[in-house]
Amino acid sequence: MFEDSLLESGGRARKGNIWTTLLSFVLQVLLVGVLVLIPLIYTEALPKQQLMTFLVAPPPPPPPPPPPAAVVPHEIVKRVSELDNGALRAPTAIPKKIAMIKEEDTPPPSSGGFGVVGGVAGGMPGGSLGGVIGGIVSSTPVAVPKMATPKSVRVSLGVAAGLLVHQVKPTYPPLARQARIQGTVMLAAVISKDGSITNLHVISGHPMLTGAALDAVKQWKYRPYMLNNEPVEVETQVQVNFSLSGG
């Protein structure tokens, strides 16, 4: 019987704790809701200064200061002020001190009256422009450099043939005629300044024909070859033809 009474009282105590917990939770929720809703309903109670700082954007930075104005010298301003559409105008005030401009005297002309522009006063009559140095430079003749004439030049066979003034025909060798040998003998020669043949030697040709060609060409005469109005030696070639039909 005592145990029954203890179990009964324990069940009632547990039911009472559950209701108490629920009631306490509901009251806390209501209290929190009221605390949240009051500032939204009564907005005049909120601090306006803090709200304005949150809602208003910060002002833009101030503009940079303007650059300093260029200082115009007083003399320039004064000169510009004295001009009116490019023409001088009367001054508004009389200056206290007037500067006198004195021009230099013109040097007297020379005794002969033949002065030169840019000359020195008291110079010689008929002087030259630029003074003494200018006169020396202008009066000194300029020597044109002369090209050095070479000792000898090389010309073609055709140019050398145009200078030929005396030609001796070669004698056809009898042995070569009997052997029916014909052809061309090419010689290298040097024409001296007086037109004679020097330093003659064979380049090509039949051995039976070269002797006769050398003997004939040694007697040839040429007109001197002129270069820079001076005769020079000429290196060239000489061609001698041997033909049975023409012999």
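Figure 1. Seven helices and nine strands make up the secondary structure of the chain; helices (H or I, at least four residues) and strands (E, at least two) are DSSP runs, numbered from the N terminus. The model is predicted, so local features need pLDDT of at least 70 and side-chain atom pairs count only at pLDDT 80 or more, while totals for chains, interfaces and linings use all residues. Residues are numbered from 1 along each chain as its sequence is written, and side-chain values use heavy atoms, with hydrogens and water left out. Of the 247 residues in the chain, 15% are buried. Buried means under 20% relative accessible area, exposed over 50%, and partly exposed in between (1.4 Å probe, protein chains only). Among contacts (heavy atoms within 4.5 Å) between residues at least 6 apart in sequence, 69% join residues at least 24 apart.

**Figure 2. The largest nonpolar core.** This core has 26 residues, and Trp220, Tyr222, Val238 and Phe242 have the most contacts inside it. Strand E5 (183-191), strand E6 (197-204), helix H7 (207-217) and strand E9 (230-242) each supply at least two of its residues. E9 gives the most, with five residues. A nonpolar core is a set of buried Ala, Val, Leu, Ile, Met, Phe, Trp, Tyr and Cys residues joined through side-chain atoms within 4.5 Å. In soluble globular proteins, nonpolar side chains tend to be buried together.

Figure 3. Val238 lies in strand E9 and counts as buried because its relative accessibility is 3%. The C-alpha atoms of Val238 and Leu187 are 5.0 Å apart, although 51 residues separate the two along the chain. Leaving aside neighbours within four places in sequence, the contacts of Val238 include Leu157, Ala189, Val217 and Trp220.

**Figure 4. The buried side of helix H7.** The buried residues of H7 are Leu209, Thr210, Ala212, Ala213, Ala216 and Val217. They pack against helix H6 (174-178), E5, E6 and E9.

**Figure 5. Ser196 between two strands.** Ser196 lies in the loop between E5 and E6, and its relative accessibility of 17% is why Ser196 counts as buried. Its side chain forms a polar contact of 2.8 Å with the side chain of Ser192 and another of 2.9 Å with that of Asp194. A polar contact is a pair of N or O atoms within 3.5 Å; within protein, one must be able to donate a hydrogen and the other to accept it, and residues adjacent in sequence count only if both atoms are side-chain atoms. Not counting residues up to four places away in sequence, Ser196 touches Val190, Ile191 and Lys221.

**Figure 6. The salt bridge.** The structure holds one salt bridge, that is, a side-chain nitrogen of Lys or Arg within 4 Å of a carboxyl oxygen of Asp or Glu. It joins the side chains of Arg154 and Glu235 (2.9 Å, N to O). Arg154 is in strand E3 (residues 152-154) and Glu235 in strand E9, so the pair links distant parts of the chain, 81 residues apart. Arg154 counts as exposed because its relative accessibility is 65%, whereas Glu235, at 28%, is partly exposed.
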